[in-house]
Amino acid sequence: MDKKRTLRNRKVSERMAVVDETDRRRVIQARLAALEDDNHQGDDFAAGSDDDEFELPKGSGDEMEDGPSSGRKKKKVKVGGGMRKTRGMIAEKTRGPKVFRDYLEEAGLELLPEGVPSYLTAAVGPPRIAAPRKFCSVCGDMSAYTCTRCGSRYCSRRCHVVHTETRCLKFIA
Amino acid sequence: MQDVVVVDLGGGSVKLGSARQPDKPKVFPNASAKQKGERSSVVGEAMLGLRDVGGLSLRRPVDRGYVVAWELQRDILARSLRVLLGGVSPAACGLVLTEAYHNLPALREAAVHMALHELGFASVLLSTPAPLSLRWHAHCMPGLAANQAGCGVVVDAGFSFTHAVPIFDWRLLPGAIRRIDLGGKALTNFMKEVVSYRSINMMDEAYLLEHIKEQLCFVSGDLQADLRAARTRGSPFRCEYVLPDGLTDTWGHLRTQQEQEALAAAAAAQRAAHGPQLPKQPVLAVNNERFMVPEALFHPSDIGMDEAGLAEAVAQAVSAAHPHLHALLYSNVLITGGTARCPGFRDRLAAELRALVPDDYELGVYLADDPAVCAWRGGALLAASAQYPQLAVTRKEWMQHGAAAFAKWGL
């Protein structure tokens, strides 16, 4: 028998909220991507960031552009040195310098015929000789349990309490 | 004889020196650092002289192991080259430069352009680090049969990634190279994340933490036993690392047993005299992180990466080579790279490999004396040998033939 669709809002308690598999995977990928950072990216938008070269001034501070576009506000991108800003320089500042991934895409290694060794074929595949081991995300010891909400591992009740109070579900807040 | 400069361009550090003085190359970070609040940045070798290493924001020319920011790379090298060469112009010298495995043609051309046009060398020879390391190993252990054949597996545990590179007749076997996308940088960031959660927030201190990681971490021989020992109250792995204050102590130090006892005695005396407690120095407390961090290289699945571990990568690399070579390759596994300096690395890899290698093959695992400088030393040997003039690409050849000149390198 189908449940009647109600208009009543159903609010799930915070303790029962479960993060689904896609979100869990996304969080793990974000953590792995952060392992490749040179600098901690978390505080990019904090106040007082003193990167003099690239500043996005707040909307009210912009001067109006002359000409037909005077009705719109444009973000000013400052390029260091007081030089004339070319479109290329502004594009680089907004898009960021070319990283290895860009060169890799340009090289088009996927189009190489079978059997030609390249950066892509050299990747060692998934592990085939051992299953992944599970460690507690709080203390690092062997873990036997999984948090029902977010999927992190823990080893004991004490670590579970620390986990729910500090880290669980914070990333989806 | 023309002087040849040898530069091992790594993701983490540059090893630079002249082939005429093969004893001690200069080793310095391959980055430019900017302190919070300062306008100017410190580049390359000058970073070694920094007194306050806290809160540094780094810019690296190398991304995922490949040099992409060539202006920055040129600035980092130019400075040190000027000091090394003294008054001599680079136009009178040759250059041996390393590149990463499976380098992209566009990046290779940019490297040669930088060497010949921007830095102004007379000729350049690009090589991956593995054959150079094997050359040095053969120089140190000439008796090994595999070394005489120029054959072996070089495990290059670097900053950006880790490769298992089978070599035969001093040449790479490109189809058999295997890569794990974990290196010293990822291990440092992993330790940073773990330590920031469990002890003190060090998320902005990657440069300092790299140094701490080298002091504290080791590879465990028996993980379960070590974890069990770490669980106890009197864990033998528990350590306290006193963080630097940036004035007198640049890098901080590991708190020794005597220091701990002295502090405990002083605290007890203060309490007895009902005086104010001494201010606590910021101290990083680590326990099982010391061996759990390098563990990720042997089992990347621990941190959620779907990649095989180091032992399996070596086994895959050898299996991808011709079956007749397997015995020779397994008898000469050479471990190089900065990450290999971790104590216990060699024994752990040998133990894990022994379980994967058929037991009628002899397994020989060797750790270079100074794994970080091994490739440079091999490069110095190559630069001083008669092969350099034959293999190097001169500026004239580059201008006439372009990338076709790389044919003499087998590319």
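Chain A of this predicted model contains 4 helices and 2 strands, and these elements follow one another along the sequence in the pattern α-α-α-β-β-α. Of the 173 residues in chain A, 20% count as buried. Among the contacts in chain A with a separation of 6 or more, 25% are accounted for by residues 24 or more positions apart.

Helix H1 of chain A, which covers residues 21–34, holds both A:Asp23 and A:Arg26, and these two residues are 3 positions apart, about one turn of the helix. Their side chains meet in a salt bridge, with an N to O distance of 3.1 Å. A:Asp23 is partly exposed, its relative accessible area being 26%, whereas A:Arg26, with a relative accessible area of 52%, is exposed.

Not counting residues up to four places away in sequence, B:Lys185 touches A:Leu35, A:Glu36, A:Asp37 and A:Asp38 of chain A, together with B:Phe159 of chain B. With a relative accessible area of 8%, B:Lys185 is buried.

Helix H5 of chain B, residues 184–198, also packs against helix H6 of chain B, residues 206–216, at an angle of about 100° and with the two axes 9 Å apart. The two helices are therefore roughly perpendicular to each other, since angles from 65 to 115 degrees are placed in that class. On the side of H5(B) the contact is made by B:Gly184, B:Leu187, B:Thr188, B:Met191 and B:Lys192, while H6(B) contributes B:Ala206, B:Leu209, B:Glu210 and B:Lys213.

B:Leu334 counts as buried, at 0% relative accessibility. Although B:Leu334 and B:Leu134 are 200 residues apart along the chain, their C-alpha atoms are separated by 7.5 Å. Once neighbours within four places in sequence are left aside, B:Leu334 is in contact with B:Ser133, B:Leu134 and B:His137, with B:Val153, B:Val154 and B:Val155, and with B:Tyr366 and B:Ala368.

The other strand residue, B:Asp156, belongs to strand S11 of chain B, residues 152–157. What is the nearest side chain of opposite charge to B:Asp156? It is that of B:Lys15, 8.0 Å away, and B:Asp156 is buried yet has no salt bridge; the cut-off for such a bridge is 4 Å between a side-chain nitrogen of Lys or Arg and a carboxyl oxygen of Asp or Glu. The side chain of B:Asp156 is, however, joined to that of B:Tyr101 by a polar contact of 2.7 Å. Apart from neighbours within four places in sequence, the residues in contact with B:Asp156 are B:Tyr101, B:Pro129, B:Phe161, B:Thr162, B:His163, B:Thr336 and B:Gly337.

Salt bridges are found elsewhere, and a search of the whole structure gives 26 of them over all chains. One of these joins the side chains of B:Asp181 and B:Arg179, with an N to O distance of 2.9 Å; B:Asp181 is partly exposed at 22% relative accessibility, whereas B:Arg179 is buried at 4%. Salt bridges that share partners also link A:Arg133 of chain A with B:Glu295, B:Asp302, B:Arg348 and B:Glu352 of chain B in one network.

A further salt bridge is formed by B:Arg64 with B:Asp63, the closest N and O atoms being 4.0 Å apart. B:Asp63 counts as buried at 16% relative accessibility, while B:Arg64, at 39%, counts as partly exposed. B:Arg64 is found in the loop between strand S7 (62–63) and strand S8 (66–67) of chain B, and its backbone has a positive phi of about 55° although the residue is not a glycine.

A positive phi of about 55° is also found for B:His102, again a residue that is not a glycine. B:His102 is situated in the loop between strand S9 (93–98) and helix H2 (105–118) of chain B, and with a relative accessible area of 16% it is buried.

Definitions and conventions:
Residues are numbered from 1 along each chain as its sequence is written. Chains are lettered from A and ligands numbered from 1 in the order in which they are written. This is a predicted model: local features need pLDDT of at least 70, side-chain atom pairs count only at pLDDT 80 or more; totals for chains, interfaces and linings use all residues. Side-chain values use heavy atoms; hydrogens and water are left out. Buried means under 20% relative accessible area, exposed over 50%, partly exposed in between (1.4 Å probe, protein chains only). Lys and Arg count as positive and Asp and Glu as negative; His and the chain ends are not counted. A polar contact is a pair of N or O atoms within 3.5 Å; within protein, one must be able to donate a hydrogen and the other to accept it, and residues adjacent in sequence count only if both atoms are side-chain atoms. Contact means heavy atoms within 4.5 Å. Axes are lines fitted to C-alpha atoms, for helices over the stretch in contact, and angles run from 0 to 180 degrees between N-to-C directions. Angles under 35 degrees count as roughly parallel, over 145 as roughly antiparallel, 65 to 115 as roughly perpendicular and the rest as oblique.
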